[in-house]
Amino acid sequence: MKLLDQVRQKLRAGHYAYRTEQAYVHWIARYIRWHGLRHPREMGAAEVEAFLAYLAVDRHVTSSTQNQALSALLFLYRHVLQTDLGDLNAARAARSRRLPTVLTQDEVSQVLQRLGTRRQAHGAYWLMASLMYGGGLRLMECCRLRVKDIDLGRMQLMIRQGKGDKDRAVPLPASVREHLQHRLAWRSELHQRDLDAGEGRVDLPRAFERKAPGAAYELAWQFAFASDRLSRCPRSGRTGRHHLHENALQKAFKQAVGSTGILKRATCHTLRHSFATHLLESGADIRTVQELLGHKDVSTTMIYTHVLQRGACGVRSPLDALHDAVQ
């Protein structure tokens with residue numbers, strides 16, 4: 001078995017996320033190419049440190065990118081090659097602390113308005129962005145929403161296998177309930193057409209398909225924001241109807257932000273930052289916001305207190321007081 005295939009096998013056996021698998025394979029392949037296609041068994045700690053120094057000094061990558069590359073190489077040597085590289089903690093970069101970009105409520109309204117005028121993907125972009133802002137969803141959490149996890153009766157969304165493989169419940173905004181009902185009706189019709197055409201299968205989490213073989217063809221397990229075309233799963237190789245590609249939503253969101261004239265560097269994840277900040281501004285308890293965001297530690301949630309309008313940036317500048325005194 002080829003080395004990268006061994007890496008994939010180990011990652012899947014450890015239940016690592018698919019995005020982690022993609023990132024680790026990328027860094028391991030890049031490490032091997034940078035060292036002239038030498039086999040990692042012929043290299044060790046010195047070569048790993050040289051590669052990390054190249055990333056930091058020559059490529060100017062961020063600390064998080066450098067640490068991701070280190071984690072990938074440590075996984076390769078420890079879990080695949082069964083080789084001890086010794087203490088490489090010195091190679092781990094200090095994490096940078098960056099304040100998140102946050103949109104005002106008016107800016108969010110402008111962006112959603114622009115997305116609402118776009119007719120692509122059956123109006124899904126506006127609805128997906130509304131859910132990300134209204135419930136604090138991450139991009140992929142929104143893309144991977146399944147029909148069964150939308151509870152219109154209790155007005156909540158169940159986020160399954162979020163970051164850290166954790167589930168959580170988030171509020172479903174009442175203002176999008178009718179739109180979601182229309183979306184689910186459209187999704188039901190599309191699924192029936194797929195079944196009539198001999199398709200209608202969706203990939204299920206892990207080994208659940210062995211427990212319930214028919215579940216892959218049930219409407220409840222289908223992705224709510226389905227793609228317009230059938231595709232092949234990169235892991236199983238089987239054909240089915242996957243969710244909308246996240247890149248399509250990201251592109252639509254970027255165009256919507258650009259058309260409003262907002263000069264902030266806003267992405268889909270900015271809606272999640274705005275959700276947390278606006279909740280805290282409205283008086284929500286930080287522990288409640290932590291639970292809604294799915295943060296393991298409240299210190300992660302605390303970063304939003306630094307961008308509150310009534311926080312450290314909400315104090316009155318002494319220059320304004322001086323100006324008033326002069327006037």
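**Loops, helices and a sheet**

Tutor: Let's start in the loop between H1 and helix H2 (18-34), where histidine 15 sits. Helices here are DSSP runs of H or I with at least four residues, strands are E runs of at least two, and both are numbered from the N terminus. This is a predicted model, where local features need pLDDT of at least 70, side-chain atom pairs count only at pLDDT 80 or more, and totals for chains, interfaces and linings use all residues. Residues are numbered from 1 along each chain as its sequence is written, and side-chain values use heavy atoms, with hydrogens and water left out.

Student: Why does histidine 15 count as exposed?

Tutor: Buried means under 20% relative accessible area, exposed means over 50%, and partly exposed is in between (1.4 Å probe, protein chains only). Histidine 15 has 51% relative accessibility, so it counts as exposed.

Student: What makes the phi of histidine 15 worth a look?

Tutor: Most residues other than glycine have a negative phi. Histidine 15 isn't a glycine, yet its phi is positive, about 60°. Glutamine 82 also has a positive phi, near 55°, and lies in the loop between H4 and helix H5 (105-116). At 59% relative accessibility, glutamine 82 counts as exposed.

Student: And histidine 278, how do you know whether it is buried or exposed?

Tutor: Its value is 10% relative accessibility, so histidine 278 counts as buried. You'll find histidine 278 in helix H11 (residues 268-281). Leaving aside neighbours within four places in sequence, its contacts (heavy atoms within 4.5 Å) are Val102, Leu103, Thr104, Gln105, Val108 and Tyr133.

Student: Why are H1 and H4 called roughly perpendicular?

Tutor: Axes are lines fitted to C-alpha atoms, for helices over the stretch in contact, with angles from 0 to 180 degrees between N-to-C directions. Under 35 degrees is roughly parallel, over 145 roughly antiparallel, 65 to 115 roughly perpendicular, and the rest oblique. The axes of helix H1 (residues 3-13) and helix H4 (residues 63-80) cross at roughly 85° and come within 11 Å, and the two helices are therefore roughly perpendicular. Residues of H1, including Leu3 and Val7, meet residues of H4, including Phe75 and His79.

Student: What makes E1 and E2 a pair?

Tutor: Two strands pair if DSSP finds at least two bridges between them. E1 and strand E2 (residues 156-159) have two, in the antiparallel sense. The open sheet runs in the order E1-E2-E3.

Student: Why do E1 and E3 stand at the edges?

Tutor: Strand E1 (150-151) and strand E3 (168-171) each have a single partner strand, so one side of each has no neighbour in the sheet.
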